[in-house]
Amino acid sequence: MAEPMVKLEGIRKRFGKLEVLKGVDIEIAKGEVICILGPSGSGKSTLLRCVNLLEPPEEGEIFVEGNDICRGPGSGAGEQSWKLDFVRQRVGIVFQQFNLFPHKTALENVTLAQERALGRPKQEARAKATELLERVGLGDRLNQYPETLSGGQQQRVAIARALAMDPHVMLFDEVTSALDPELVKEVLDVMRELAEEGMTMMVVTHEIGFAREVADRVIFMDGGVIVEEGPPAEVLENPREERTRQFLGLVLDR
Amino acid sequence: MSQFFNQYFNFNVMGEHFGEVLVGFLQNLLVFAVAAALALTWGLVLALLRQLPGKKPMPIRFVTIAYIDFFRAVPILIIILMISGGVPFLSFLPESVRIPRWFGRPDTFWYGVTALVIVYGAFTAEVYRAGIEAVPRGQMEAARSLGMSHFQAMRHVVVPQGVTKIPAPMLNELISLLKDTTLISVIALSESVLVSREVLSERLNSSALTLTAIFFVIIILPLARVVDKLIARQQLKITRGSHIEVA
Amino acid sequence: MSKIRFTALFAVFLVALTALVVAGCGGGSSSTSEESSASGGGGGEKLTVGSDIPYPPFEQGKPGNYTGFDVELMEAIGEKIGREVEFQDTSFETIFRDVGQGKFEAVASAATITPEREKEVAFSDPYYLSEQAILVKEGSEIKGLAELEGKTVGAQQGTTGLELGKEKANAGELRPYPEGPDAINALKAGTIEAVIIDAPVAQNAIEEEGGVEIAEKVPTEEEYGIAVAKDSTELLKEINQGLKEVISDGTYTTIFEKWFHLKPPKQFQG
């Protein structure tokens, strides 16, 4: 069997006294799309942010493409710059709050990291940025500033921005939760296309419909542990665990 | 009552010494210009040093914070006197540093500028810090997640946004700095206050001091108004809500 | 706000309040400031004397322990006229205005009698003959007033030394220092190249501190006097009388020899 794209072993994470992740194991194969569901406080966002080392875990191992990117506390390995660079240029992330750079145009948002972090020449960066922005349907808004764009448009720019770094894995942290309902579809469409093109994706979301249609695997988390995982048909239609059932009941009732 | 006016508003005295006091005031402005430029730069350096992330730079952060705390607390007058009183005697320093006469300005000028830069570096560092900290954390996270180094993220994303929030408080610090240039009179730098005191002891009249005060007011009052306007504008922006705030 | 913060603020408030109360109650007793002190004399009513301290060897020392030629002379005069002399440290540049406004009753501060000053105050008979000196660092190339051209020169604010500097020395920069000793310190530090100051003060600096020498004495025929407010005619009479007596009975000579290690000029000998 091929090396999994992402492997998390025994991840534990604490914030002060509160233990948010209590031992999580996940393996994700190349091209797999997994959706993570769960109530707030379940640790799902934290888990995502561990994968690109925004929140280095206290205990556990994370492997990206077979490389151990954090050897746990004590070795300080999470801070070593080569590991950070390695991770962050292979793992892209899109945030719930978009976090676009307000002082840069859409185009500049997508070229900045290319030029600075990857050292790509200006022309190349611009070409790539233009292509990506067109792909997400924003080719006509290259020179506009984020504040003139709708939430959905901003989030699409954010996706393009992350894609510009040619990541091998894309993380999505509740990227539609802050959007007005009518703007959600355009973002999900982009994500769907991405999945169809074979991108490995970890998606934390509340969009059950999306999970049902696009995910290869659904993971339900609660209280810092994985409660249940499996193909969407199983987990979403016929959950085994009581907790899963409860959560879905609440969510689907909406 | 007429005594009061004679003592403080004697226009003859003001007229006769107008030129001297003006020249002195220009000296204040010169000290201000030099010290402000240096303090704004030094403050930014301090603010960035204070922000260095990670375990290894901890001693640097510690020293920087200690520096800022200390020099915000010590009265500038003390620093001026310590520098001018002690530095000339530090024989391990070359003479051109001990008794600086750079660019034709006397040693008292440079002692004064140094003291002001040391102290106002600390004050401006705090203003920068407030500006930097006002930039949402998500910006830094996004930049770092895209693979930019801490320094790159600071330079291209955080600091450019941070400095847009600081003009008002920074201008306040600069106004303070302009006024504090008068402290250098205590080590006999020929600026407006010193000149006015000489007039005082010669003519037994304080009108030159009044004149000096007027010069300062003329320059500073418009600046203070600008600060007020900037603050009002910031308030308006916040209440109109131009950010996307997610709980 | 959090409990800890509130407690801390409250504690600070209490301390401040206590301090205010204590200051209010205890403060009343001594209206004399830190800088003034009874120096002694003839007992009886206090005579407040303003002086710019330190200016050795004329006035120096700490509050409660002032000493110097001016101090001892005034105390001797005080004895003769039945007044208890109390010296107050004050800034020289406003000293004549201050005595005119009644801040103190007399000025004994190595003050030269000048026509300008006589517009504002009344002077006693002269009690000291003085001149200016150009003080330089030992081994300096400056030999006198003429060589001050273009140099950085210091003097004390409001003094005749500063005046001399303005009129006769073509200094590159003439720096007025708030206190005489500040100028001498700057000379020693090397930030200025010469000081124009009263000759006896210069001499004292050479003897007490060293490292400096007098390049030239500039005979300005200055006379020091004790200043009083223009309308204090009675007091002036008394002071002049006291001064005469101090001179005639030899007290002046004793004090003079103590501070200057010389016999006083003929006119001041008993």
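**Exercise 1. Determine how helix H2 (residues 69-81) of chain C is placed against helix H9 (residues 251-260) of chain C, and which residues make the contact.**

*Solution.* Begin with the axes: in this predicted model, those of H2(C) and H9(C) come within 10 Å and cross at roughly 165 degrees. Here axes are lines fitted to C-alpha atoms, for helices over the stretch in contact, and angles run from 0 to 180 degrees between N-to-C directions, while the helices themselves (H or I, at least four residues) and the strands (E, at least two) are DSSP runs numbered from the N terminus.

Next, classify the angle. Angles under 35 degrees count as roughly parallel, over 145 as roughly antiparallel, 65 to 115 as roughly perpendicular and the rest as oblique, and H2(C) is therefore roughly antiparallel to H9(C). The crossing of the two is right-handed, a word used when the near helix is turned clockwise from the far one by less than a right angle, anticlockwise being left-handed.

Then list the contact, meaning heavy atoms within 4.5 Å. From H2(C) come C:Phe69, C:Glu72, C:Leu73 and C:Ala76, and they meet C:Thr251, C:Tyr252, C:Ile255, C:Phe256, C:Lys258, C:Trp259 and C:Phe260 of H9(C). Sorted by type, the residues of this contact of H2(C) with H9(C) are eight nonpolar, one polar and two charged, where Ala, Val, Leu, Ile, Met, Phe, Trp, Tyr, Cys and Pro count as nonpolar, Asp, Glu, Lys and Arg as charged, and the others, Gly among them, as polar.

**Exercise 2. Carry out the analysis for helix H4 (residues 122-135) and helix H5 (residues 151-163) of chain A.**

*Solution.* The axes of H4(A) and H5(A) come within 9 Å and cross at roughly 140 degrees, which means that H4(A) is oblique to H5(A). The crossing in which H4(A) passes H5(A) is right-handed. On the side of H4(A) the contact is made by A:Lys128, A:Leu132, A:Leu133 and A:Arg135, and on the side of H5(A) by A:Val157, A:Ala160 and A:Leu163. The division for H4(A) with H5(A) is five nonpolar, no polar and two charged.

**Exercise 3. Describe the interfaces of chain B with chain A and of chain C with chain B, including their salt bridges.**

For chain B with chain A, 18 residues of chain B are in contact with 29 residues of chain A. Together these chains bury about 1900 Å², 62% of it on carbon and sulfur atoms; buried area is the accessible area (1.4 Å probe) that two parts lose on being put together, summed over both. One salt bridge is found across this interface, the term requiring a side-chain nitrogen of Lys or Arg within 4 Å of a carboxyl oxygen of Asp or Glu. B:Glu141 forms a salt bridge with A:Arg49, and the closest N and O atoms are 2.6 Å apart.

For chain C with chain B, the contact takes 20 residues from chain C and 20 residues from chain B. About 1700 Å² is buried between chain C and chain B, 54% of it on carbon and sulfur atoms, and three salt bridges are found across the interface. B:Arg197 and C:Glu93 also meet through their side chains in a salt bridge (2.8 Å, N to O).

**Exercise 4. Summarise the secondary structure of chain B, and explain the spacing of B:Arg98 and B:Glu95.**

*Solution.* Chain B comes to 11 helices and zero strands, and its C-alpha trace spans about 70 × 55 × 30 Å along its principal axes. The side chains of B:Arg98 and B:Glu95 meet in a salt bridge (3.8 Å, N to O). Because they are three residues apart in helix H5 (residues 95-98) of chain B, they are separated by about one helical turn.

Terms used. Residues are numbered from 1 along each chain as its sequence is written. Chains are lettered from A and ligands numbered from 1 in the order in which they are written. This is a predicted model: local features need pLDDT of at least 70, side-chain atom pairs count only at pLDDT 80 or more; totals for chains, interfaces and linings use all residues. Side-chain values use heavy atoms; hydrogens and water are left out.
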